[in-house]
Amino acid sequence: MAKESSHAVRAGLHRVVVIVDENSNPFELGCATEVFGLPRPELGRDLYDFRLCAAEPSTVMRDGFFTLTGVAELEEADEADTLIVPNRPDVEVPRRLVVLDAIRRAHERGARLIGFCSGAFTMAEAGVLDGRRATAHWQWADSFRTRFPSVRLEPDVLFVDDGDILTAAGSAAALDLGLHVVRRDYGAEIANAVSRRLVFAAHRDGGQRQFVERPMPNLPDESLAPVLDWANERLDSPLTVAALAARAAVSPATLHRRFQAQLGTTPLRWLTGERLALACRLIERGETRFEVVARRSGLGTAANLRALMRRETGVTPSAYQRRFGPEAK
């Protein structure tokens with residue numbers, strides 16, 4: 001009865017369903033639960049109706065660590081607005097046909113599909129990735145290309161958003177992609193609130209490299225945190241890479257190397273991303289004058305704001321305002 005009551009409370013919400021299959025990874029299941037499944041009393045509302053389903057009454061999780069029981073039957077996947085497909089380490093073992101059929105049905109009726117880590121193999125087996133962009137863990141990139149040559153694999157990024165199909169490269173990247181989906185559905189402000197509860201970075205761009213080298217430093221401290229905090233307090237100022245380097249007391253070349261090593265991106269791309277995130281928050285909070293949004297976020301002009309938002313988010317400031325502004329809530 002308690003389970004039915006919980007579902008009743010979440011009626012009408014976007015339904016996220018996770019298929020759990022034999023030998024699935026518990027970590028990615030936990031990521032999905034943390035991002036999409038928890039109540040959000042700090043927001044005053046829930047975001048998703050979250051369900052788990054499986055092809056069998058009991059499912060042995062990875063390496064037999066535990067057995068999952070008590071979840072819905074696989075038919076629950078037919079009701080998903082977003083379907084998260086199963087991932088598991090034994091990528092060469094074919095998935096169950098009933099699971100692949102459920103994924104195909106979801107895709108045919110227009111559901112959004114998400115694959116964490118080796119979940120890309122599951123979707124490729126189902127045939128829904130043919131001709132589409134996707135990523136997978138760098139360790140399995142060669143195997144993936146060999147088995148699925150028709151998929152446009154991008155092996156050196158954190159995640160790929162290809163519209164109705166999204167894939168994350170590895171275990172921790174599941175959180176990056178999950179927060180990206182929340183941002184896409186509810187805007188930057190809500191995604192930041194979810195990330196704060198997770199105590200996780202609010203936004204790592206999907207194009208960042210999967211593997212970031214972190215050599216042992218020769219100096220006592222080469223952390224970028226102080227200069228990042230300093231820059232975030234001055235996004236409306238005419239900051240440059242040279243200014244960031246000067247604040248960090250290093251050369252621009254050294255700063256560039258540290259950004260690549262610690263964040264997997266360049267100083268300029270990081271700065272642009274932070275300014276866009278601020279611009280999105282200003283729009284969500286009710287600022288309707290895009291010239292003001294551009295100036296306060298350091299993006300200069302409304303024209304530049306429009307160009308960057310369309311390039312990075314796929315929508316114009318006006319469309320973003322209609323979707324996430326105060327009037328839309």
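**Sheet, salt bridges and helix packing**

Visitor: What order do the 7 strands of the open sheet take?
Guide: The order is β5-β2-β1-β6-β7-β11-β10, with mixed pairing. Strands pair if DSSP finds at least two bridges between them. Strands (E, at least two residues) and helices (H or I, at least four) are DSSP runs, numbered from the N terminus.

Visitor: Which strands stand at the edges?
Guide: β5 (72-73) and β10 (159-161). Each has a single partner strand, so one side of each is left without a neighbour in the sheet.

Visitor: What kind of model and numbering is this?
Guide: It is a predicted model: local features need pLDDT of at least 70, side-chain atom pairs count only at pLDDT 80 or more, and totals for chains, interfaces and linings use all residues. Residues are numbered from 1 along each chain as its sequence is written, and side-chain values use heavy atoms, with hydrogens and water left out.

Visitor: Back to the sheet. How many bridges join β7 to β11?
Guide: 4 bridges join β7 (residues 112-116) to β11 (residues 165-168), and the two strands run parallel. Glycine 115 has threonine 167 of β11 as its bridge partner.

Visitor: Which strands does helix α3 touch?
Guide: α3 (residues 97-108) packs on the sheet and touches β1 (14-20), β6 (82-85), β7 and β11. Contact means heavy atoms within 4.5 Å. The direction of α3 makes about 150 degrees with that of β6. Axes are lines fitted to C-alpha atoms, for helices over the stretch in contact, and angles run from 0 to 180 degrees between N-to-C directions.

Visitor: New topic. How many salt bridges in the whole structure?
Guide: The search finds 29. The criterion is a side-chain nitrogen of Lys or Arg within 4 Å of a carboxyl oxygen of Asp or Glu.

Visitor: Which residue does arginine 133 meet in a salt bridge?
Guide: Aspartate 162, at 3.5 Å, N to O. Arginine 133 lies in β8 (residues 133-134) and aspartate 162 in the loop between β10 and β11, so the pair ties together parts that are 29 residues apart in sequence.

Visitor: Is aspartate 162 buried or exposed?
Guide: Aspartate 162 is buried, at 18% relative accessible area. Arginine 133 is partly exposed, at 23%. Buried means under 20%, exposed over 50%, partly exposed in between (1.4 Å probe, protein chains only).

Visitor: What about arginine 311?
Guide: Its side chain meets glutamate 312 in a salt bridge at 2.9 Å, N to O. Arginine 311 is exposed at 56%, while glutamate 312 is partly exposed at 32%.

Visitor: Which residues do salt bridges with shared partners join into one network?
Guide: Asp21, Glu22, Glu56, Arg88, Asp90 and Arg96.

Visitor: On to α4. How many of its residues are buried?
Guide: 8 of the 8 residues of α4 (residues 119-126) are buried, so the helix is largely enclosed by the rest of the structure. Among them are Phe121, Met123 and Glu125. The cover includes β6, α3, β7, α5 (141-147) and β11.

Visitor: What comes just after α4?
Guide: Glycine 127, with a positive phi of about 85 degrees.

Visitor: Last one. How do the axes of α8 and α9 cross?
Guide: The axes of α8 (residues 225-232) and α9 (residues 241-248) come within 9 Å and cross at roughly 130 degrees. That makes α8 oblique to α9. Under 35 degrees counts as roughly parallel, over 145 as roughly antiparallel, 65 to 115 as roughly perpendicular and the rest as oblique.

Visitor: Which residues make the contact?
Guide: Val227, Trp230 and Ala231 of α8, with Ala243, Leu244, Arg247 and Ala248 of α9.
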